[in-house]
Amino acid sequence: MAETIRLVVAVFGNAASMSLYAAPVVTFKRVIRKKSTEEFSCIPYIIGLLNCLLYTWYGLPVVSCKWENFPIVTVNGVGIVLELSYVLIYFWFASRKGKVKVAMTAIPVVLLFCIIAAVSAFAFHDTRHRKLLVGSIGLVVSVTLYGSPLVVMKKVIQTKSVEFMPLTLSVCAFLSSTLWLIYGILIRDIFVAGPSILGTPLAILQLVLHCRYRKRSVVEEPGKGDQEKGNLEKVDMEIGKVETNVTNHMTENS
């Protein structure tokens, strides 16, 4: 019975997470159409790629005990394909300066993952220590990703409008974080449940803000679909700008 519950939660968690991974498709349709990356940032997708790589590695039998974390491998495996596609599309349509930035960000990230994978595979000889290393780093990266919506929520409060925070994205974020929190608790794995401990309250706060400010948003029924697409693009721009500023600030300090 317990195994069945874990399986059901994992399946729905996978579905909700894949909806989140697929959300930037709208943005990249625009990039392809305009043949320009405009003000979008590549950093969220590169960080997302690192997160998927780490958790896919975490779920494989090399780190975990046999296939105990197979659902994590499936969802993050799909995530790797999508995030890598986003990065490659961004690179293809970026300016020469943009291409250099993508390379200078992506190459160290991939090297970092390779080092983590090599150390966990060869320096440690038991799953406990391997999971501790890979899971700890993955937890930090995941918390960084879950913290990104704070930027958009600040914008919502300032403008008193949910224009920058599409409801579908908020609902998927809530379902994904809640289901993975439950799954992590069921399998008693802090590295699976950990990111959602932050992600679930943030997703709930997004839904509360929707209830609070939705009536103040201007909704044009005939163009509702186009408006939703535009909102997703604005979300990417807002998060991308802030994450770029944070990265630049860290570079300057170092």
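Reader: At roughly what angle do the axes of helix 8 and helix 9 cross?
Author: In this predicted model, the axes of helix 8 (residues 167-186) and helix 9 cross at roughly 150 degrees and come within 8 Å. Axes here are lines fitted to C-alpha atoms, for helices over the stretch in contact, and angles run from 0 to 180 degrees between N-to-C directions. The helices themselves are DSSP runs (H or I, at least four residues; strands are E, at least two), numbered from the N terminus.

Reader: Parallel or antiparallel, then, for helix 8 and helix 9?
Author: Helix 8 and helix 9 are roughly antiparallel to each other, where angles over 145 degrees count as roughly antiparallel, under 35 as roughly parallel, 65 to 115 as roughly perpendicular and the rest as oblique. Their crossing is left-handed, a term used if the near helix is turned anticlockwise from the far one by less than a right angle, with right-handed used if clockwise.

Reader: Which residues of helix 8 and helix 9 make the contact?
Author: Among them are L167, F174, W180 and I185 of helix 8, together with V192, I197, I204 and H210 of helix 9, contact meaning heavy atoms within 4.5 Å. By class, the contact of helix 8 with helix 9 has 14 nonpolar, nine polar and no charged residues. In that count Ala, Val, Leu, Ile, Met, Phe, Trp, Tyr, Cys and Pro are nonpolar, Asp, Glu, Lys and Arg are charged, and the others, Gly among them, are polar.

Reader: And what does helix 7 do with helix 9, at what angle do they pack?
Author: Helix 7 (residues 149-159) packs with helix 9 (residues 190-213) at an angle of about 20 degrees, the axes being 11 Å apart, and the two are therefore roughly parallel to each other. Helix 7 passes helix 9 in a left-handed crossing. On the helix 7 side the contact uses P149, L150, M153, V156 and I157, which meet L202, L205, Q206, L209 and Y213 in helix 9. That contact has nine nonpolar, one polar and no charged residues.

Reader: Where is R212 placed, and is R212 buried or partly exposed?
Author: R212 lies in helix 9 and counts as partly exposed at 47% relative accessibility; buried means under 20% relative accessible area, exposed over 50%, and partly exposed in between (1.4 Å probe, protein chains only). R212 and I157 are 55 residues apart in sequence, with their C-alpha atoms 9.6 Å apart in space.

Reader: Switching topic, which helix holds K131, and what is K131 in contact with?
Author: K131 sits in helix 6 (residues 127-147) and counts as buried, at 18% relative accessibility. Leaving aside neighbours within four places in sequence, K131 is in contact with Y58, V63, S64, E68, N69, S136, D189 and F191.

Reader: What about phi at K35 and at K66?
Author: K35 has a positive phi of about 55 degrees although it is not a glycine, and K66 likewise has a positive phi of about 55 degrees without being a glycine. K35 is found in the loop between helix 2 (25-34) and helix 3 (43-59), whereas K66 is in the loop between helix 3 and helix 4 (70-93). K35 is exposed, with a relative accessible area of 62%, and K66 is exposed too, at 66%.

Reader: Which residues of helix 2 are buried?
Author: The buried residues of helix 2 are V26, T27, F28, R30 and V31.

Reader: How do helix 3 and helix 4 cross?
Author: Their axes come within 8 Å and cross at roughly 155 degrees, and that makes helix 3 roughly antiparallel to helix 4. The contact of helix 3 with helix 4 has twelve nonpolar, seven polar and one charged residues.

Reader: How many helices and strands are in the protein chain?
Author: There are ten helices and zero strands, and of the 254 residues of the protein chain 45% count as buried.

Reader: What does UniProt list for "transmembrane region"?
Author: The unreviewed UniProt entry lists residues 6-28, 40-58, 70-93, 105-125, 131-152, 164-184 and 190-209; such positions are given in the numbering used here, feature names are shortened, and annotations may be inferred rather than shown by experiment. In the model, residues 190-209 are 100% helix and 0% strand, with end C-alpha atoms 29 Å apart, while residues 105-125 are 86% helix and 0% strand, with end C-alpha atoms 31 Å apart.

Reader: What should I keep in mind about numbering and pLDDT?
Author: Residues are numbered from 1 along each chain as its sequence is written, and side-chain values use heavy atoms, with hydrogens and water left out. As this is a predicted model, local features need pLDDT of at least 70 and side-chain atom pairs count only at pLDDT 80 or more, whereas totals for chains, interfaces and linings use all residues.
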